[in-house]
Amino acid sequence: MRPLIVLVAALALPGCLIPHTQENQADLQTQGRFSIIDMGGRYSYLIDPRTETCFLRMSGSDFNYSLVTVPCDKLKRNLPEAAAHIPWVPDAQPAGGAGATPAS
C-alpha cells in the first residue's frame, strides 16, 4: 500500500507545482536605466523609470536586502539628488500660486 501512495504523490506533485510557476523574459538592454542614489551606510534609493516607481533599499548581510516602495513625488520634493531621475513627476508649484483658491 505504501508504494502506491508514494507513486500517487509523485505523480500529483508536478501537477501542484507547475501551474504555480511562471517564467518571464525581458530585454533589459533596450529598457531605460534605473538609478541608485546612495545614502551612505546600508540605505539607498532605487528609482525605476520603466515602471515609474521608487524604492528605499536597505542592505543586509550575505547579499540580502529589502525594498520598500516610497512615493516618488515626495522623494523628488525632499531629495534634490533624486529630482533629476524622476522626470515623470511634475515639479511642485509654490504655495499660493496659480492653483490656490481665494478664501470666501
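## Basis

The model is predicted, so local features need pLDDT of at least 70 and side-chain atom pairs count only at pLDDT 80 or more, while totals for chains, interfaces and linings use all residues. Residues are numbered from 1 along each chain as its sequence is written, and side-chain values use heavy atoms, with hydrogens and water left out.

## Sheet

Four strands form an open antiparallel sheet in the order E1-E2-E3-E4. Strands (E, at least two residues) and helices (H or I, at least four) are DSSP runs numbered from the N terminus; two strands pair if DSSP finds at least two bridges between them. Strand E1 (35-38) and strand E4 (65-70) are the edges, each pairing on one side only.

Strand E3 (residues 53-59) runs antiparallel to E4 and is joined to it by six bridges. Met58 stands opposite Ser66 in E4.

## Disulfide

The whole structure contains one disulfide (cysteine sulfur atoms within 2.5 Å). Cys54 is joined to Cys72, with S to S at 2.2 Å. The link is right-handed, with 115° about the S-S bond. Cys54 lies in strand E3 and Cys72 in helix H2 (residues 72-78), so the pair ties together parts 18 residues apart in sequence. Both Cys54 and Cys72 are buried, where buried means under 20% relative accessible area, exposed over 50%, and partly exposed in between (1.4 Å probe, protein chains only).

Ile5 is found in helix H1 (residues 2-17). Ile5 is exposed, with a relative accessible area of 52%.
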